[in-house]
Amino acid sequence: MADPTLFQNGYFAITTSTASSTYVELPGVKSISLPFSNAELDDAVMGDVVEAKYPGLQSRPISVTARQDFTTTLAATSGLDKRIYTLQENRTAVKVKIRPADAAVSGTNPSYIYNRVRVFSSSPIDANHGELLVNKIEFRLASGGTVTKSTST
Amino acid sequence: MADAVFLSDCKVWNGGYALEGSINNVSLTIGNSELADNRMGDVQEAKYPGLLSPQFSAKGFYSASVAASGEPDAVLFPRLHSDVTSWPVTVCPPQAPGAAAGADGNLAYTMWGAEFSYEISASHGELLPYTFKKLPRSGGTITRDTILLPRATVSATTTGTGRDLGAITASQRLVATLHVFAINGGSWVLTLESDDNSGFTTPTTRATFTAVTSAPNRQQQTANGAITDNWWRFVLTKTGGTSINASATLGFCPIP
């Protein structure tokens, strides 16, 4: 059995558009969630004694929390708020690539590649006095969007 | 990498009232409705971002005496009770990027909307808290602003710092917001200028606010692009009177 994966340096990168293949890591990421589920379509027929289901459309949302950063300069290590707000305001579709570790892609460190997602929710300022600001960001797949798992890119 | 943003302070300007003195929690969230956009060929639940749904809420400690001092009940109860007009709420976090919340040149988010809830609720022995929530009304806006005129008391015509915020395209408009917290006489007119150079050698007036003679007060001015100038500043012009305590911010957003 392989060792467990300690999630201490995950890789979360986005492009500036779906036409771009240049991925830039989102700075200050604290948590990433990419649940894979399917709609549960009723598939019970005469003879079934269970609530039979058929897996329908795939649901592939992405949830990210990141340390808030109001730096005005967009760079690989700064400008989170400006980057996310601009994407959401303009409804810009981008690509997202996620890996368990910020290391070379491999069979044990695969990439999950979303080819067309948009920002649907963010929280630029949301905290109690005395806390650190965290931006909670939600991505959703757009029409034509796909999710692929790669061990080579 | 930039330092984390420690929320030790956050200015909350609601109309002509500064509420931060009572607040210990702020929440500005921006969502889009998730419109189903899956078609033949899609195997995912594809979504398209629909209407923006910004929401502002805050929590703090209840007090009720003087509205001009930012006492929350004096400001918020009349808003729920008898005033459904849109007011701007400008939220100024710290380290944005200047350390002080509300500093000249810092980022601030401004949402125009009305109050939709105000709640006072506690158990015996607690410090009485309050919460309130604002949502945009029709025509309401949310903008990611820059503070071009930080909150201050001025007693003469004042020109804010010119800043390079970039040009705006034909599909964008500017949204300028004025908060007036106090006035000691006179008539005060805020104008927004742009130019193609930092020295503002040939400024063009892009928006002129209605003269303000009383406080509290608030105003919004908008103008559509395209505007090729990239430098922007406010000028607050005094006619008579003694002083004014005000702030102004500028943001750009898509034309609906």
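**View 1. The residue just past helix H1 of chain A.** Welcome: we start at A:Arg91, which follows directly after H1(A) and has a positive phi of about 55°. Helices (H or I, at least four residues) and strands (E, at least two) are DSSP runs, numbered from the N terminus. This is a predicted model, where local features need pLDDT of at least 70 and side-chain atom pairs count only at pLDDT 80 or more, while totals for chains, interfaces and linings use all residues. Residues are numbered from 1 along each chain as its sequence is written, chains are lettered from A and ligands numbered from 1 in the order in which they are written, and side-chain values use heavy atoms, with hydrogens and water left out.

**View 2. Helix H1 of chain A, mostly covered.** Of the 11 residues in H1(A), eight are buried (under 20% relative accessible area, with exposed meaning over 50% and partly exposed in between; 1.4 Å probe, protein chains only). The buried residues include A:Leu80, A:Ile84, A:Leu87 and A:Gln88.

**View 3. Where chain A meets chain B.** Here 45 residues of chain A and 48 residues of chain B take part in the contact (heavy atoms within 4.5 Å). About 3,900 Å² is buried between the two chains, and carbon and sulfur atoms give 54% of that area; buried area is the accessible area (1.4 Å probe) that two parts lose on being put together, summed over both. On the chain A side, A:Phe70, A:Phe120 and A:Ile125 lose the most area to chain B, together 18% of what that side buries.

View 4. Look for A:Arg140 and B:Glu34, which form a salt bridge with their closest N and O atoms 3.1 Å apart.

**View 5. Strand E8 of chain A beside strand E3 of chain B.** E8(A) and E3(B), residues 23-36, run antiparallel and are joined by six bridges; two strands pair if DSSP finds at least two bridges between them. Within E3(B), B:Val26 is the bridge partner of A:Ala127.

**View 6. A:Ser123 in its surroundings.** A:Ser123 belongs to strand E8 of chain A. This serine, A:Ser123, counts as buried because its relative accessibility is 2%. Leaving aside neighbours within four places in sequence, A:Ser123 is in contact with A:Gln68, A:Val134, A:Asn135 and A:Lys136, and also with B:Leu28 and B:Thr29.

How values were computed. A salt bridge is a side-chain nitrogen of Lys or Arg within 4 Å of a carboxyl oxygen of Asp or Glu.
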